Amino acid sequence: MPAVEVRPGIYWAGVNDRTSDLFEGFWPVAREGVSHNSYLIDDEKKALIDITSESLLESLLSQIATVTDPAGLDYIVINHMEPDHTGALRALRRLAPRATLLGSKKAVEMMESYYGVTEGVRAVEDGETLSLGRNTLQFFSTPFVHWPETIMTYAQEQKVLFSCDGFGGYGALQGSIFADEYADLRFYEEEALRYYTNIVALFGKQVLKAIDRLKDLPVEVVAPSHGLVWRRNPGRIIELYRTWAGYATGPVEPGVTVVFGTMYGNTRAMAEAVAAGVAGAGLPVTLFDAARVHPSYILPAIYSRQGVVIGSATYEGGLFPPVRNLLSLVESKRIVGRTAAFFGSRGWGGGARREFARQAETLQWEVVDAWEMQGGPTTKDLQEGEEFGHRFAAGLRR
Ligand SMILES: Cc1cc2nc3c(=O)[nH]c(=O)nc-3n(C[C@H](O)[C@H](O)[C@H](O)COP(=O)(O)O)c2cc1C
Ligand SMILES: [Fe+2]
Ligand SMILES: [Fe+2]
């Protein structure tokens, strides 16, 4: 896809990454892809907003070249130092030796610690402006959206907010960079939530602070560094982020996530029964096999719904490892305050249930029910499992 004009003289010069399997070396994006959006402002002074990862430099350069000679860049704005936006910094530097690198004071320190770059670098203050000619850039400090050094850049005359990770999402762009050119945004909104829970969720408070900080800006285009550019309805993605950030502390959606971990299927059979009980009570329910579905896809469900039912076979005196791994991620994302229940299967002394109880306490999850069987389920066990699910869901509705 060649560079695309977002507003007169402002171009998307992004790279659609469809070949990386993992984002941040951990989160799967092989199927969905992810875009690294850079933006080019072709004015009296030429500025590039955000770079790209090391391996995508060639693609970025050819994008820039469709508008202007990369060697002639005057400024490179580094909103955020994470290497998905700066991996190509040193190489681009060599190709654009005149360009001044701009970033927060912390970003400037990081340019040295990550890349040994100290020359031709300038720190910008919160609120500072920079004229490029027809366009004026203004820089806003938005710490921890996503790293401590992160800023957002606003093009004042054309009312474009370059928000970097904020308001971003997974999902390579399919034909258009603009949200308003898609008939159906479900894929991108789901991928934005997955991205939010995987990458940003720990920083909900800072997301709300950033939204508040920007509230008086008449933003007409939200141009993040991953995912769609929001032009017709820029408020949509800001509202989604505000809602999701609110889930960290406030009420979340009704509904139940059932996650199970099983070696031989006993716990799975019980999970099916529990899910049937929840569905019978009229609440939405989603069922995940913790060993087969990457936590990346389970976190959004746990994050956005009030009810969590964890099923785990006992494995060597504790939780089945994929379940433990998921819960430890839930802990590091601080998804606290959910209503929970446990079920499982043990062969002899058990242990999964005890470990879950400890983990739930750390998470400040209220455990309203726990149920365990020895070995495989009888018909009566399955019936009890269904009642357990029904009871749990009915309790949530009250
Ligand atoms: C590798 C392995 C380790 C196990 N460790 C324990 C254990 O420490 N304590 C226990 O009560 N049962 C243990 N069990 C027995 C299982 O918890 C039991 O077979 C259970 O029914 C398995 O449920 P599933 O079919 O959902 O995998 C273990 C089983 C396996 C295969
Ligand atoms: Fe980031
Ligand atoms: Fe990023």
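**Burial, domains and core**

Modeller: This is a predicted model. Of the chain's 398 residues, 50% count as buried.

Biologist: Why does the radius of gyration agree with a compact globule?
Modeller: The chain has 398 residues, so a compact globule would have a radius of gyration near 21 Å. The C-alpha atoms fill a box of roughly 75 × 40 × 35 Å along the principal axes.

Biologist: How many Å separate the centres of domain 1 and domain 2?
Modeller: The assignment gives domain 1 as 4-246 and domain 2 as 253-397. Taken over C-alpha atoms, their centres are separated by 38 Å.

Biologist: Which element gives the most to the side of domain 1 that touches domain 2?
Modeller: Eight residues of domain 1 are in contact with nine of domain 2. On the domain 1 side, β5 (27-28) and α5 (186-200) each supply at least two residues. By class, that side has five nonpolar, two polar and one charged residues. The top contributor, with four residues, is α5.

Biologist: How many residues does the largest nonpolar core have?
Modeller: Those with the most contacts inside this core are Y39, I76, Y196, V258, V259, V274 and V309. Domain 1 and domain 2 each supply at least three residues to the core. The core's total is 128 residues.

Biologist: Which residues does Y39 touch, leaving out those up to four places away in sequence?
Modeller: Y39 is among the residues with the most contacts inside the largest nonpolar core. Its partners are I10, Y11, W12, A13, I49, F162 and A223.

Terms used:
Residues numbered from 1 in each chain as written. Chains lettered and ligands numbered in written order. Predicted model: local features only at pLDDT ≥ 70, side-chain atom pairs only at ≥ 80, totals over all residues. Core = buried A, V, L, I, M, F, W, Y, C linked by C-beta atoms within 7 Å. Buried ≥ 20, exposed ≤ 12 C-beta atoms within 10 Å, placed from the backbone. Domains from an automatic or database assignment. Contact = placed C-beta atoms within 7 Å. Rg over C-alpha atoms; globule rule 2.2 N^0.38 Å. Nonpolar A, V, L, I, M, F, W, Y, C, P; charged D, E, K, R; others polar.
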